[in-house]
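Here are my notes on the model, point by point. Please read them with the structure open.

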Amino acid sequence: MSAYIRSPLVRSLYWKALETRRDVDTTLWYVCDLTRFPEHLQSLFVQSHKDDETVAFLQHCDEKSDWIMTQLSHVFFKMVLSMFMTNTSINGLIGRGSMFVFSSVQFHKLMHIPSDWKTGKLLDLGAGDGMVTKCMDCHFDEVFATEMSSPMRWRLEKQGYKLLGIDEWSDGSKLYDVVSCLNLLDRCDKPLSLLQDIKKSLVPETGRLIVAMVIPFKPYVEFESKTHRPTEYLPIQGKTWEEQVQSLVDNVFQPAGFKLLSFTRLPYLCEGDLYEPYYVLDDAVFVLQPVISCEDEHSQLCIPTV
């Protein structure tokens with residue numbers, strides 16, 4: 001029958017009524033070949049697994065994908081709004097496309113913290129709709145966020161997060177205990193400058209940076225760019241997940257003045273649409289510590305060791 005259905009949309013609805021999403025081996029989302037890393041990196045890898053929060057997100061995606069009328073309205077609005085809005089802003093406006101980077105349990109494990117750990121300030125850069133921020137916010141007295149998209153900023157404000165301007169967060173007026181930069185380095189115009197601003201904005205020694213990066217690395221600047229190419233290039237080399245992770249550590253994080261404390265492999269999940277319940281990319285998630293150096297603004301005195 002489907003061979004005689006000419007409309008792609010109707011054909012999709014037909015198959016959706018007959019089939020569920022094909023079986024996916026989700027264990028592969030978390031696999032890392034440690035033999036490809038030197039010993040000092042092997043010891044820092046944290047093995048993650050699909051947990052209850054991940055399963056709940058996937059189930060919600062399945063259910064939401066079956067809301068046919070809602071999904072049809074999303075298709076219509078996206079078609080109209082895409083003429084003058086970015087995809088991120090469209091998603092913020094119509095309330096779709098929430099992301100899942102890590103669960104609260106995965107966050108605890110990666111940070112090596114107990115569930116009742118508490119500290120001062122969190123800054124979530126490019127926080128989107130705040131769904132990922134929720135996994136971390138209970139551990140902080142104050143939660144700050146930045147976001148380029150106006151509809152997403154509205155959603156963040158609605159959840160009570162303190163919004164800062166794109167240039168305001170790094171003006172030196174605040175130091176943060178943790179800065180999260182989740183899937184942003186490959187989406188911003190000047191990732192190297194961003195890392196330097198983050199380093200200057202972290203509490204010295206005890207401050208932590210959490211970075212998530214989609215691998216394979218494919219930079220794309222969504223906002224305020226005609227070419228969608230960054231003006232600063234990240235020198236990431238290699239073809240496999242493991243090779244690009246090591247290149248990130250050796251060629252990006254260390255030269256920027258950060259020490260790797262732990263890392264893991266996780267799926268970067270996004271709510272789907274009429275055609276797929278969810279979409280998934282491979283993420284590498286790192287916890288980094290700023291290294292005090294002679295060039296560090298926060299270092300009052302630097303005495304070289306003999």
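**Notes on the predicted model**

1. Start with Arg-265. This residue is buried, at a relative accessible area of 12%. Its salt-bridge partner is Asp-282, and the closest N and O atoms are 3.2 Å apart. Arg-265 sits in strand β7 and Asp-282 in strand β8, so the bridge links distant parts of the chain, 17 residues apart. Asp-282 is partly exposed, with a relative accessible area of 26%. Keep in mind that this is a predicted model.

2. Other salt bridges. The structure holds six of them. Asp-33 pairs with Arg-36, with 3.3 Å between the closest N and O atoms. Asp-33 counts as partly exposed at 31% relative accessibility. Arg-36 is partly exposed too, with a relative accessible area of 46%.

3. A bridge within one helix. Asp-197 forms a salt bridge with Lys-200, the closest N and O atoms being 3.7 Å apart. Both belong to helix α8 (residues 191–201); because they are three residues apart, about one helical turn separates them. An α-helix has 3.6 residues a turn, so residues three or four places apart point the same way. Asp-197 counts as partly exposed at 24% relative accessibility. Lys-200 is partly exposed at 33%.

4. The buried side of α8. Which residues of α8 are buried? They are Pro-191, Leu-194, Leu-195, Ile-198, Lys-199 and Ser-201. Seen down the axis of α8, the buried residues fall within an arc of 165°, so they line one face of the helix. What do the buried residues of α8 pack against? Their partners are the strands β2 (119–125), β5 (178–182), β6 (208–214), β7 and β8, along with α9 (241–253).

5. The largest nonpolar core. This core has 39 residues. Ile-198, Leu-209, Phe-253 and Phe-286 have the most contacts inside it. Two or more residues come from each of β2, β5, α8, β6, α9, β7 and β8. The largest share, six residues, is from α9.

6. Phe-253 up close. Leave aside its neighbours within four places in sequence. Phe-253 is then in contact with Leu-185, Val-211, Leu-248, Phe-258, Phe-286 and Leu-288. Phe-253 is also part of a ring cluster, in which ring pairs link Phe-37, Phe-45, Phe-253, Phe-263 and Phe-286.

7. A second core. This one is separate and has 35 residues. Among them are Trp-29, Cys-61, Ala-212 and Val-285.

8. Aromatic pairs, starting with Trp-29. The structure holds nine aromatic pairs. In one of them, the ring centres of Trp-29 and Tyr-278 are 6.1 Å apart and the planes stand at 90°, so the pair is edge-to-face. The cut-off for edge-to-face is over 60 degrees. Trp-29 lies in the loop between α1 (8–18) and α2 (39–42), while Tyr-278 is in strand β8 (residues 278–290). The pair thus links distant parts of the chain, 249 residues apart. Both Trp-29 and Tyr-278 are buried.

9. The Phe-37 pair. Is the pair of Phe-37 and Phe-263 stacked or edge-to-face? Their ring centres are 5.5 Å apart and their planes are at 80°, so the pair is edge-to-face. Phe-37 lies in the loop between α1 and α2, and Phe-263 in strand β7 (residues 258–271), so the pair ties together parts that are 226 residues apart in sequence. Phe-37 is buried, with a relative accessible area of 4%. Phe-263 is buried as well, at 0%.

10. Confidence. What is the average pLDDT of the chain? The average is 85, and 76% of the residues score at least 70. Over residues 297–306 the pLDDT is below 50. Beyond near neighbours in sequence, that stretch has 11 contacts in the model.

Technical notes
Residues are numbered from 1 along each chain as its sequence is written. This is a predicted model: local features need pLDDT of at least 70, side-chain atom pairs count only at pLDDT 80 or more; totals for chains, interfaces and linings use all residues. Side-chain values use heavy atoms; hydrogens and water are left out. Rings of Phe, Tyr and Trp (its six-membered ring) pair if their centres lie within 6.5 Å; planes under 30 degrees apart count as stacked, over 60 as edge-to-face and the rest as tilted. Helices (H or I, at least four residues) and strands (E, at least two) are DSSP runs, numbered from the N terminus. Buried means under 20% relative accessible area, exposed over 50%, partly exposed in between (1.4 Å probe, protein chains only). A salt bridge is a side-chain nitrogen of Lys or Arg within 4 Å of a carboxyl oxygen of Asp or Glu. The arc is that of the directions from the helix axis to the C-beta atoms. Contact means heavy atoms within 4.5 Å. pLDDT is the predictor's confidence in each residue, from 0 to 100. A nonpolar core is a set of buried Ala, Val, Leu, Ile, Met, Phe, Trp, Tyr and Cys residues joined through side-chain atoms within 4.5 Å.
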